[in-house]
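Please walk me through this structure.

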Amino acid sequence: MSSPDPQVRAARNPSARPARGPVVAVTGAASGVGALLTERLAASEEVKQVVAIDERRGECADAEWHILDVRDPAIAEKLRGADVVVHLALDLDLETDAAARTAYNVRGTQTVLTAAAASGVRRVVLCTSAMVYGALPDNELPLSEDAELKATAEATGVGDLLEIERLARRAPRAHPGLNVTVVRPAVLVGGGADTALTRYFESPRLLVVAGSRPAWQFCHVDDLCSALEYAAVEKVEGELAVGCDGWLEQEEVEELSGIRRMELPSAVALGAAARLHRIGLTPSPAGDLAYTMYPWVVSGSRLHDAGWRPSYTNEEVLEELLGEVSGRHTVAGRRLGRKDATAAGAAGATVALLGAAAVVRRARKARRRI
């Protein structure tokens, strides 16, 4: 007796996965965006199977798990049979040693691209950031996906992202037949995102550099995951920017957040940020400030043309961000305890940090004289 037609079996068992659709592997699948995407793909009727790869097992029971470091060449064997790889095993933690972070991010991406090509994978989806366009006073509003990548390596992790972009462009030439899609989100909110840009909203005052022209565009983690799913199931390809429609001016952000500004001259703000980072008092280099000074808003036209739309507005994502950071106290990228923040106040906390930097400098000069 012949076996039932696959569609009949699916009708009898609604949870059965359809025979069509790609097998998708996700790296960094145990936490953050990777965990959210793994759950989303596992529930999708457009995905045949999900292969989850990380250094520990995550919570998605419907994925096939492999536990290993993405820099391990053995990953090639784990990718065998996959059609698409979504590479999300990146370390962009503010507190991570910069050299170690770069070694992990760049080597991991190189290994995944090489392993994917060797295993017969037809598409790799990489996730960087719209920060790679750079924050510049003469940027168009909004930037198209084809805009030149003018960022420098002066902001946290951006050097790594630019190198990943370079690897993405080189890979199809080195491995003919391999499609590489790059997704570039705006300021990411949700899913545990902790960046210099989310910490900006943990400050008792919003630092505004005199003469700057900020424009704020956010990307909710759910919207990033839906955009990554579009790329994974091959509804769209190429270089893709993702974020909420439009942007918010600085005055709108201040009105919506209820947080007042503290305006400083450019030389003072950038000089202080550079000194504080150099002596280790803050995790954020001065380059991070540019992304709060000048616009880097993206259009997202390629995703829109493919039928994708964001589920959140900038106003809604900002409201969620403010709820997430409520109770946290950060000045110049450095988290303070509640007691310290209350005692210092807004401008007082900044003065305290600048004073601490001066004390450290004096101590270093004294040691050199001994």
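A patch here is made of residues with over 30% relative accessible area and no salt bridge, in which like charges are joined within 9 Å and nonpolar side chains (Val, Leu, Ile, Met, Phe, Trp, Tyr) within 5 Å. Lys and Arg count as positive and Asp and Glu as negative, while His and the chain ends are not counted. The place of a charge is taken as NZ of Lys, CZ of Arg, CG of Asp or CD of Glu. Accessible areas come from the Shrake-Rupley method with a 1.4 Å probe, and for residues only the protein chains shown count as cover. Helices (H or I, at least four residues) and strands (E, at least two) are DSSP runs, numbered from the N terminus.

The model is predicted, so local features need pLDDT of at least 70 and side-chain atom pairs count only at pLDDT 80 or more, whereas totals for chains, interfaces and linings use all residues. Residues are numbered from 1 along each chain as its sequence is written, and side-chain values use heavy atoms, with hydrogens and water left out.

Start with the surface. Glu249, Glu252, Glu255, Glu315, Glu316 and Glu319 form a negative surface patch. Two helices, α8 (250-257) and α11 (314-325), each supply at least two residues of this patch. Which helix gives the largest share of the negative patch? It is α11, with three residues. Glu316 has its place in helix α11. Its relative accessible area is 40%, which makes Glu316 partly exposed. On this scale, buried means under 20% relative accessible area, exposed means over 50%, and partly exposed lies in between (1.4 Å probe, protein chains only).

Next come charges that are paired. A salt bridge is a side-chain nitrogen of Lys or Arg within 4 Å of a carboxyl oxygen of Asp or Glu. The structure holds 17 salt bridges. One of them joins Glu46 and Lys235, whose closest N and O atoms are 3.3 Å apart. This pair links distant parts of the chain, 189 residues apart: Glu46 is in the loop between α2 (32-42) and β2 (49-54), and Lys235 is in the loop between α7 (221-232) and β11 (239-242). Glu46 is partly exposed at a relative accessible area of 33%, and Lys235 is partly exposed at 39%.

Another salt bridge is made by the side chains of Arg123 and Glu237, at 3.0 Å from N to O. Arg123 lies in strand β5 (residues 123-127) and Glu237 in the loop between α7 and β11, so this pair ties together parts that are 114 residues apart in sequence. Is Arg123 buried or exposed? With 4% relative accessibility, Arg123 counts as buried. Glu237, with 46% relative accessibility, counts as partly exposed. The two side chains are also joined by a polar contact of 3.0 Å. A polar contact is a pair of N or O atoms within 3.5 Å; within protein, one must be able to donate a hydrogen and the other to accept it, and residues adjacent in sequence count only if both atoms are side-chain atoms.

A further salt bridge is found within one helix. The closest N and O atoms of Glu163 and Arg166 are 2.5 Å apart. Both residues lie in helix α5 (residues 158-174), three residues apart, which is about one turn of the helix. Glu163 is partly exposed at a relative accessible area of 22%, and Arg166 counts as partly exposed at 39% relative accessibility. Elsewhere, salt bridges that share partners join Glu165, Arg169, Arg184 and Glu239 into one network.

Now turn to the backbone. Leu141 and Pro142 are joined by a cis peptide bond, with omega about -5 degrees. Pro142 lies in the loop between β5 and α5. Glu234 has a phi near 65 degrees, a positive value in a residue other than glycine. This residue lies in the loop between α7 and β11, and Glu234 is partly exposed with a relative accessible area of 32%.

Finally, consider distances between C-alpha atoms. Val51 is in strand β2 and counts as buried at 6% relative accessibility. Its C-alpha atom is separated by 7.6 Å from that of His66, 15 residues apart along the chain. Ala117 is in helix α4 (residues 98-118) and is partly exposed, with a relative accessible area of 26%. Ala117 and Pro176 are 59 residues apart in sequence, and their C-alpha atoms are 8.6 Å apart in space.
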